[in-house]
Structures are given as structure tokens and as C-alpha cells.
Amino acid sequence: MSAAQNRQIADAIACLKRQQVDEARRLLMMVVEADQYNELAWLWLAVCMLGDDDIELCLENVLAINPDNETAESGLRILKQRTTPQDEQSAAPTSDTSSMI
């Protein structure tokens with residue numbers, strides 16, 4: 001990772017702290033376009049994304065670069081739980097036997 005990329009990531013994080021999400025996203029996109037294997041940029045880019053599909057793509061890219069990235073694993077797990085339809089969650093079998101009389 002170059003010094004310029006490090007600076008762009010730091011600037012993007014500063015933008016996020018100021019709630020300038022669009023500018024942060026723009027800076028991080030520049031980093032990943034220059035270096036598609038920049039794990040940190042992909043991780044922060046996930047924070048900037050609005051749609052679940054885009055967030056998922058960023059987190060999957062992080063895991064493609066580093067399969068042991070626990071932050072990305074946790075993010076994907078939370079994202080999948082959040083996007084699981086309520087019907088699928090309620091369709092799980094229960095151990096309630098009170099109606100079996």
C-alpha cells in the first residue's frame with residue numbers, strides 16, 4: 001500500500017467522522033480502483049455503501065483478500081441475519097409440545 005493510498009484512507013475515515021459519506025466513498029473507490037487488493041479500503045468502503053448488495057460485495061472482497069478477517073466475517077453474518085425474511089426465521093421448528101394433546 002502506497003503512502004498516497006494510506007493518506008486517502010485516512011482522509012476517507014476523517015470524512016466519515018464528519019458524516020461526509022459521499023466524499024469518503026469517492027476517496028475509497030479511488031484506492032480500490034488503484035489497488036483491488038487493499039483490504040482496509042474495501043472494509044471501510046463497506047461502511048460507506050448504502051445498499052446491502054454493495055455492502056456484501058465489499059465484505060466478500062475483504063474475505064477474498066484475507067479469509068481470516070473477523071470484522072468482515074461478522075459484518076456478513078449480521079448482514080445476512082438482517083436480510084433473512086422473517087418468514088424463514090419463524091418457520092424454524094420449535095420444541096413446544098403443548099399443542100400435541
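This is a predicted model: local features need pLDDT of at least 70, side-chain atom pairs count only at pLDDT 80 or more; totals for chains, interfaces and linings use all residues.
**α4 and α5.** I started with how α4 and α5 run: they are roughly antiparallel to each other, because their axes cross at roughly 150° and angles over 145 degrees count as roughly antiparallel (under 35 is roughly parallel, 65 to 115 roughly perpendicular, the rest oblique). Those axes come within 9 Å. For me an axis is a line fitted to C-alpha atoms, for helices over the stretch in contact, with angles from 0 to 180 degrees between N-to-C directions. The helices are DSSP runs (H or I, at least four residues), numbered from the N terminus.

Numbering starts from 1 along each chain as its sequence is written, and side-chain values use heavy atoms, with hydrogens and water left out.

I looked up the handedness too: the crossing of α4 and α5 is left-handed, meaning the near helix is turned anticlockwise from the far one by less than a right angle. My classes: Ala, Val, Leu, Ile, Met, Phe, Trp, Tyr, Cys and Pro are nonpolar, Asp, Glu, Lys and Arg are charged, and the others, Gly among them, are polar.

**Leu-63.** I picked this residue from α4. Leaving out residues up to four places away in sequence, Leu-63 touches Asn-69, Ala-72, Glu-73 and Leu-76. Leu-63 and Leu-76 sit 13 residues apart along the chain, and their C-alpha atoms are separated by 9.9 Å.

**α1 and α3.** Next I checked helix α1 (residues 3-17) against helix α3 (residues 39-48); their axes come within 11 Å and cross at roughly 20°. The two are therefore roughly parallel to each other. This crossing is left-handed. On the α1 side I found Ile-9, Ile-13 and Leu-16, which meet Leu-40, Ala-41, Trp-44, Val-47 and Cys-48 in α3. That contact has 8 nonpolar residues, no polar and no charged.

**Lining of the largest pocket.** Which element gives the most to this lining? I found that α5 does, with 5 residues. The lining divides into 9 nonpolar, 2 polar and 1 charged.

Note on methods
Contact means heavy atoms within 4.5 Å.
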